[in-house]
Amino acid sequence: MTQEDFERLCRLQCRVPQFLGFAGVSRDKLERWCRRAYHLDLEEAIEMIRQDGLIEIREAAFQLMKKSATMANQQFNRFLPGAEPEDSARRDEAIRAFTAMLQGADPDGGDMA
C-alpha cells in the first residue's frame, strides 16, 4: 500500500478491515508499515488523517449550501438545534441574512457588491 492509497482511504472514512481488504495484508503487517511511514500506531494515524476527509465533507456541504437556500435552511437548523418555535421570527430573519450573505446580497434586498 502506498501512502497516497492509505491517506485516500483515511479521507474516505474507511476503517481497519477495509484497509486490510484493500491492501491484502494482515493487521500486524499494516501496523508495522504504519509505524515506519507515520511513526504512529495504526489507529492513531487513521484517526489523524481521517480529519482531512471530514474537512473535505464539510467544505463540500458548504459549497452545496451556497447553491441551495433550502439546503442552507436545513443545515442552519441542524447546526442550531436550540432554536425554539417561539424564536421562529428571529430564526427566519437569521436564515434570510445567512442566505443573502452566501449569495452576496444585502439581507434587506440590496446588493452588497
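User: In which helix is Arg50 found, and what makes Arg50 count as buried?

Analyst: Arg50 is found in helix H4, residues 42-67, where a helix is a DSSP run of H or I with at least four residues, a strand is a run of E with at least two, and both are numbered from the N terminus. Its relative accessibility is 10%, and because buried means under 20% relative accessible area (exposed is over 50%, partly exposed lies in between, with a 1.4 Å probe and protein chains only), Arg50 counts as buried. This is a predicted model, in which local features need pLDDT of at least 70 and side-chain atom pairs count only at pLDDT 80 or more, while totals for chains, interfaces and linings use all residues. Residues are numbered from 1 along each chain as its sequence is written, and side-chain values use heavy atoms, with hydrogens and water left out.

User: Which residues is Arg50 in contact with, leaving aside neighbours within four places in sequence?

Analyst: They are Cys10, Gln13, Cys14 and Arg15, contact being heavy atoms within 4.5 Å.

User: Why is the pair of Phe6 and Tyr38 called tilted?

Analyst: Rings of Phe, Tyr and Trp (its six-membered ring) pair if their centres lie within 6.5 Å, and planes under 30 degrees apart count as stacked, over 60 as edge-to-face and the rest as tilted. Phe6 and Tyr38 are 5.3 Å apart centre to centre with 35° between the planes, hence tilted. Phe6 belongs to helix H1 (residues 3-11) and Tyr38 to helix H3 (residues 27-38), so the pair ties together parts that are 32 residues apart in sequence. Trp33 and Tyr38, with centres 6.0 Å apart and planes at 75°, are therefore edge-to-face. Ring pairs link Phe6, Phe19, Trp33 and Tyr38 into a cluster. Among these, Phe6 is buried at 0% relative accessible area, Tyr38 at 14% and Trp33 at 16%.

User: What makes H1 and H3 roughly perpendicular?

Analyst: Their axes, which are lines fitted to C-alpha atoms over the stretch in contact, with angles from 0 to 180 degrees between N-to-C directions, cross at roughly 105° and come within 12 Å. Angles of 65 to 115 degrees count as roughly perpendicular (under 35 roughly parallel, over 145 roughly antiparallel, the rest oblique), and therefore H1 and H3 fall in the perpendicular class. Gln3, Phe6 and Glu7 of H1 make the contact with Trp33, Cys34, Ala37 and Tyr38 of H3.
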